[in-house]
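Please load the model in your viewer and keep the sequence panel open beside it. The tour goes from the whole chain to single residues.

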Amino acid sequence: MLELELTPGVSAGPFKIGASFKEVSAIVESSRLMTSVCVKYNDKEPLSQDILMDLTDNGILLRFTPDTQRLKTVEIYKVHKVMLKYGVLFCEDASVALGRTDGTQVFPPKFVHIYEHVGLTYSGDYSSDFSKYTLYYPGLYFIFDIPPEYRHLLTKHAPDEHPCEFPDRFSPSASRISLFYGTPSSPTLPPLPPDSHYFEQVIVQITKGLWFQKRNCVIPFFASVQDVLSDLGAPSEIFYKEEDKMKIHSPMQYNSDLQPSGPSATPSSSPNAQSQPTTSSTSASNPSLASSNVSSSGGAGGVYKGATHRSGCGDYFYNYYDYGFDILFDWQAHTVRKFVLHCNFPNHYEFNRYTKCNFAIQVPTPEQQRLDKLVADLQQLMITQQQQQLQLQQQYMQMMQSATSQQQQQQLIQQFTQQQQSMIQQQQQQQTTLQQQITQQKQTLLQRQAQTHTTDTAPPNSTSQTPTTTQTEAVQQEAPSQATVQTDNKETPQGTQTNASSSNAAPEPTDQDEPAYSYTTITPDTKWDQVSQIFGPCGKPVVNNRGSTENPFGPTFFHGYKNIIFEVLPNGHLASVCLFTD
C-alpha cells in the first residue's frame with residue numbers, strides 16, 4: 001500500500017509541487033508500488049493543456065504546466081488506494097472498523113476525522129448538481145460525496161455550517177483530495193530554489209554562442225573543454241561519435257590541416273547507449289539538408305581525410321540532460337563546434353530524456369541586420385585604409401633609403417605628403433558616406449521603436465555600436481616625412497610633418513540617442529510557421545522516420561538555414577535546434 005504524507009502547498013509524499021516532469025518520472029520509475037503510468041497531453045496543441053501523469057493503479061493524477069513542465073497539482077481520486085498521513089493517520093484501521101483480524105483495509109478519511117486532525121477552516125462549497133461538498137484548507141482541499149438520503153439535509157444547513165455529521169452521526173467520506181500551491185481556482189508554482197538552474201534563461205546568438213543569465217556566463221563557439229566544465233560543471237554523459245550516416249549528403253572536403261570546409265554535422269545526440277537513437281546532421285554547404293537519426297551503436301562522426309580512424313575516436317558530445325542541451329566538441333582541437341537545444345515536447349521520441357531548455361534565440365530584424373552590416377563594413381573599411389597607409393609608408397621608406405641625394409629625399413617627402421593627403425581625403429569621404437548611412441539607419445530604427453515602444457537592450461557583444469576609432473596615430477608617427485635617413489654618412493633634414501589624424505577622423509553620428517538592439521525572439525514554444533516567417537523560405541526538409549515500431553509519434557523534419565537547423569514535429573512545434581559555425 002502506497003503511503004503519502006500530506007504537506008499542504010508543498011508535497012504529497014515524494015511528489016513536491018514545482019518538481020520537474022523528469023524528476024517526478026524518476027521517482028515513479030524507482031518505485032515498486034507505482035506500476036501503471038499513463039501520460040496524457042494534447043497532441044495537436046501541446047501548450048494549450050496541462051501534461052497529465054496518471055498513476056492508474058494508485059489513483060493519483062499529477063498535473064504539470066505545459067510550458068515549464070513543473071508539477072502544479074497532486075490529485076488523489078482513489079482515496080481508498082493510498083494510506084494518507086498528516087501528522088497522524090487519516091484513515092481508519094479496518095481491523096477495528098470491521099472486526100477483522102486477518103488483515104487490514106484502508107477506508108477513505110471521514111469529514112469528522114479530517115476536521116479533527118487538520119484543524120478548523122472556513123465553510124466550503126456545496127454543488128447540488130453533483131452532490132459534492134468541497135472543504136478548503138491553504139494548499140489543500142477535500143471533496144466529499146453526499147449520499148442521496150442526506151442531500152435534503154445539507155440544503156437546509158446554513159451556509160456557514162459544515163456537514164461534519166448528520167443527525168444519525170453519519171460523516172461523509174472524502175472521495176477526492178487535491179494538493180496545490182496558490183489558490184484552488186488558479187494554482188501557481190512555487191519559486192525555484194536559489195541554487196536551482198532548472199529552466200534557466202539561455203540567450204542565444206546564432207553565430208556567437210550561449211549566454212546563461214542566472215549563472216552570468218557565456219559559452220561561445222570554439223570555447224575549450226576546460227572553459228565549459230568551469231562554467232557548467234560535469235555533463236550527465238559523454239557520447240563519442242563513430243560514424244556519420246548523413247555524410248552521403250556532404251561533400252566531405254577537408255584541407256591539408258584536417259579541418260572540414262564546413263560543419264560536419266550532428267544537430268543532436270542521443271547517447272543513452274542501449275537501443276536509443278542519436279541524431280546527426282549535414283554540412284552547411286546545402287542548408288536544405290538538415291539531419292536524420294542514426295542508431296547509437298553507430299554513433300555519428302566523420303573520418304577526416306588522411307587521418308587514421310579508430311573506434312570511438314571522433315567528435316564527442318557533452319550531454320547535459322538536466323539543462324536540456326548538448327555540446328559537440330572537435331576531436332582534435334577540443335573546442336565547441338555545435339550546440340543542440342531540446343524542447344522536450346511529449347510527442348517526440350526523446351521526450352523526458354532531457355529537460356526543456358528555456359532558450360531565447362535573438363534574430364536581428366532586417367533593419368538591425370542592415371545596421372550591423374553597415375557597422376561591420378565601416379570597421380572593415382577602417383582596417384583596409386590603415387593597411388593602405390602602411391603600404392604607402394613602406395613604399396616611400398624603401399625609396400628614401402635608395403635616394404642618393406638630399407634633393408631626391410626632399411622630393412620624395414613632398415610626393416609622399418601629397419599622396420598621403422589625397423589618400424586621407426578619399427578615405428574620409430568613404431567613411432563619411434558609410435557614417436551617413438549608419439546615422440540614417442539608426443534614425444529609422446529609432447522611429448520604428450518609438451512607434452512600437454521597443455525596450456529591448458543590446459545583447460552581449462552586439463555589433464550595433466558605430467566604431468569611432470580613427471586611423472592609428474602610429475601610422476602618422478612613422479611617416480617618412482618624420483624619419484631621419486643616413487645617406488653618405490650625412491644626416492638629411494626632416495621634412496615637413498603632416499598631421500593627418502584630425503583630418504582623417506571619422507565623423508561622429510549626429511543622433512544623440514542610440515537605438516535599442518532590435519531583434520525577434522524564438523523560444524522553445526515558437527511554432528515552425530513563425531520561424532519560417534522570420535528566416536524566410538528554405539529547401540525541402542530532411543525527413544527522419546524510424547518506423548512505427550520504434551517510434552509511434554511519426555517523423556520529424558529538419559529545416560536548415562545558415563548556421564542553424566530546426567527539427568520540427570508533425571504538429572508544427574520545434575523538437576530541437578542545432579547551432580553551428582562555418
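How many helices and how many strands are there in the protein chain? Colour by secondary structure: the chain has 9 helices and 31 strands. Keep in mind that this is a predicted model.

**Whole chain**

Show the whole chain as a surface. The accessible surface of the protein chain is about 28,400 Å², and carbon and sulfur atoms account for 48% of that area. Of the 582 residues, 48% count as buried. Now consider the contacts between residues at least 6 apart in sequence: 63% of them join residues at least 24 apart.

**An open sheet**

Return to the cartoon and select strands S14, S15, S16, S24 and S27. These 5 strands form an open sheet with mixed pairing, in the order S16-S15-S14-S24-S27. Its edge strands are S16 (217–220) and S27 (519–522), each of which pairs on one side only. From one strand to the next, the twist averages 25 degrees.

Zoom in on S15, residues 209–212. S15 and S16 pair in the antiparallel sense over 4 bridges. Which residue of S16 is the bridge partner of phenylalanine 212? The partner is cysteine 217.

**Salt bridges**

Searching the whole structure gives 15 salt bridges. Begin with arginine 215 and glutamate 200, whose side chains meet in a salt bridge at 2.6 Å, N to O. Arginine 215 is in the loop between S15 and S16, while glutamate 200 is in the loop between strand S13 (174–180) and strand S14 (202–205). The two residues are 15 apart, and the pair links distant parts of the chain. Are arginine 215 and glutamate 200 buried or exposed? Both are buried.

Move to aspartate 315 and arginine 337. They form a salt bridge, with 2.3 Å between the closest N and O atoms. Aspartate 315 sits in the loop between strand S20 (291–295) and strand S21 (316–320), and arginine 337 is in strand S23 (residues 336–342), so this pair ties together parts that are 22 residues apart in sequence. Aspartate 315 and arginine 337 are both buried.

Aspartate 377 has 31% relative accessibility and so counts as partly exposed; lysine 373, at 53%, counts as exposed.

Finally, select Asp50, Arg63, Lys72, Glu75 and Arg176 together: salt bridges link them in a network.

**Nonpolar cores**

In soluble globular proteins, nonpolar side chains tend to be buried together. Select Phe15, Val24, Ile60, Leu62 and Val74, which touch the most other members of the largest nonpolar core, a set of 41 residues. Centre the view on leucine 62. Not counting residues up to four places away in sequence, leucine 62 touches Phe15, Val24, Ile51, Leu52, Met53, Leu71, Thr73 and Val74. Another core, of 39 residues, lies apart from this one; Val202, Tyr316, Tyr318 and Val577 are among its members.

**Two loop residues with positive phi**

Most residues other than glycine have a negative phi. Glutamine 69 is not a glycine, yet its phi is positive, at about 55 degrees. Find glutamine 69 in the loop between strand S6 (60–64) and strand S7 (71–76). With 2% relative accessibility, glutamine 69 counts as buried. Leaving aside neighbours within four places in sequence, its contacts include Ala19, Phe21, Tyr198, Cys343 and Lys356. Then pick threonine 355: its C-alpha is 8.4 Å from that of glutamine 69, although the two are 286 residues apart in sequence.

End at serine 131, another non-glycine residue with a positive phi of about 55 degrees. Serine 131 lies in the loop between strand S10 (125–127) and strand S11 (132–137). Its relative accessible area is 4%, so serine 131 is buried.

How values were computed: Residues numbered from 1 in each chain as written. Predicted model: local features only at pLDDT ≥ 70, side-chain atom pairs only at ≥ 80, totals over all residues. Heavy atoms only, no water. Pairing = 2+ DSSP bridges. Axes fitted to C-alpha atoms, helices over the stretch in contact; angles between N-to-C directions. Salt bridge = Lys/Arg side-chain N within 4 Å of Asp/Glu carboxyl O. Buried < 20%, exposed > 50% of the residue type's maximum accessible area, 1.4 Å probe, protein only. Core = buried A, V, L, I, M, F, W, Y, C linked by side-chain atoms within 4.5 Å. Contact = heavy atoms within 4.5 Å. Areas by Shrake-Rupley, 256 points an atom, 1.4 Å probe, with all protein chains shown as cover.
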